[in-house]
Amino acid sequence: MSDEVRWPEVKRILAEIMESWEARTGRRGLPGIHDYYWDTPQQLANDSSMGTRFIEAGVPAAETALIRSLRKGFGSIPKMPMGGPFVSEAKILDIEGWIDAGMPE
């Protein structure tokens, strides 16, 4: 995990995984569930799925819905993106470190 991870890197990781998913499935996201591309850290943090915010202030990154969904899923939500390709553990650790560092831009 890098201590220097900033928003552009997190945005790139998430965009690349969604682009790979879209190429595999031949479709663009699943409308009405949540956003799939975010322009700011605040948009990502405020987004939610199944009534659960992806990132909540004061919650350790490993316990956030975003990290849990990337690692193994949560509740009735499977590991994301649904059916893969999945984010590597190294990249999940980068995102986790970024969240715990206060989501620096």
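Biologist: Which residues touch the most other members in the largest nonpolar core?
Modeller: The model is a predicted one. Its largest nonpolar core has 21 residues. Those touching the most other members are Leu44, Ile55, Leu66, Ile95, Trp98 and Ile99.

Biologist: Which element gives the most residues to this core?
Modeller: Two or more residues come from each of α1 (7–25), α2 (41–46), α3 (65–71) and α4 (89–100). The largest share, five residues, comes from α1.

Biologist: What pattern does the chain follow along the sequence?
Modeller: The chain has four helices and two strands. In sequence order they give α-α-β-β-α-α.

Biologist: Does Glu96 count as buried or exposed?
Modeller: Glu96 lies in helix α4. Leaving aside neighbours within four places in sequence, Glu96 is in contact with Ala61, Ala62, Ile67 and Arg71. Its relative accessibility is 14%, and the cut-off for buried is under 20%. Glu96 therefore counts as buried.

Biologist: What separates the C-alpha atoms of Ile92 and Ile67?
Modeller: Ile92 is also in helix α4, and is buried with a relative accessible area of 2%. Not counting residues up to four places away in sequence, Ile92 touches Ile67, Leu70, Arg71 and Val87. Ile92 and Ile67 are 25 residues apart along the chain, and their C-alpha atoms are separated by 7.0 Å.

Biologist: What radius of gyration does the chain have?
Modeller: The C-alpha atoms fill a box of roughly 35 × 25 × 25 Å along the principal axes. For 105 residues, a compact globule would have a radius of gyration near 13 Å. The chain agrees with that, at 13 Å.

Biologist: Among contacts between residues at least 6 apart in sequence, what percentage join residues at least 24 apart?
Modeller: Of the 105 residues, 43% count as buried. Among contacts between residues at least 6 apart in sequence, the share joining residues at least 24 apart is 54%.

Biologist: How far apart are the mean positions of the positive and negative charges?
Modeller: The chain has 12 positive and 16 negative charges. Their mean positions are separated by 6 Å.

Key. Residues numbered from 1 in each chain as written. Predicted model: local features only at pLDDT ≥ 70, side-chain atom pairs only at ≥ 80, totals over all residues. Heavy atoms only, no water. Core = buried A, V, L, I, M, F, W, Y, C linked by side-chain atoms within 4.5 Å. Buried < 20%, exposed > 50% of the residue type's maximum accessible area, 1.4 Å probe, protein only. Rg over C-alpha atoms; globule rule 2.2 N^0.38 Å. Contact = heavy atoms within 4.5 Å. Lys, Arg positive; Asp, Glu negative; His and termini not counted. Charge placed at Lys NZ, Arg CZ, Asp CG, Glu CD.
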